Amino acid sequence: MSPPIVGLFTGLLLGIAWVVGGFYAFLGTAALGLLGFVVGKVVAGELDLTRYLGGGRDRR
């Protein structure tokens with residue numbers, strides 16, 4: 001699926017969450033979507049978080 005199509009569906013789902021659950025449901029849905037995006041990037045190997053999580057350094 002192309003990125004514009006994924007963005008379109010994401011926007012539509014966020015809009016539905018806003019209409020059904022209100023503004024806080026919209027924010028919660030957006031936050032979980034962002035978390036899922038980051039996890040997907042890490043799993044795909046496109047994002048390396050070892051610098052921020054302290055991995056790879058010697059702890060003596």
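Relative accessible area sorts residues into buried (under 20%), exposed (over 50%) and partly exposed in between, using a 1.4 Å probe and protein chains only. This is a predicted model, in which local features need pLDDT of at least 70, side-chain atom pairs count only at pLDDT 80 or more, and totals for chains, interfaces and linings use all residues. Residues are numbered from 1 along each chain as its sequence is written, and side-chain values use heavy atoms, leaving out hydrogens and water.

**Confidence**
- The chain has a mean pLDDT (the predictor's confidence in each residue, from 0 to 100) of 85, and 92% of its residues reach 70 or more.
- Helix 1 (residues 3–21) has the highest confidence, at 89, and helix 3 (residues 50–53) the lowest, at a mean of 86.
- Helices are DSSP runs (H or I, at least four residues), numbered from the N terminus.

**Helix packing**
- Helix 2 (residues 23–44) has 22 residues and spans 31 Å from first C-alpha to last, close to the 32 Å expected at 1.5 Å a residue.
- That expected span is 1.5 Å times one less than the number of residues.
- Helix 1 packs on helix 2 at about 150°, with axes 6 Å apart.
- The pair is therefore roughly antiparallel (angles over 145 degrees).

- The structure holds one salt bridge (a side-chain nitrogen of Lys or Arg within 4 Å of a carboxyl oxygen of Asp or Glu).
- Lys41 pairs with Glu46, their closest N and O atoms 2.7 Å apart.
- Lys41 is partly exposed at 29% relative accessibility, and Glu46 is exposed at 55%.

Notes: Helix = DSSP H or I, 4+ residues; strand = E, 2+ residues; numbered from the N terminus. Axes fitted to C-alpha atoms, helices over the stretch in contact; angles between N-to-C directions. Parallel < 35°, antiparallel > 145°, perpendicular 65-115°, else oblique.
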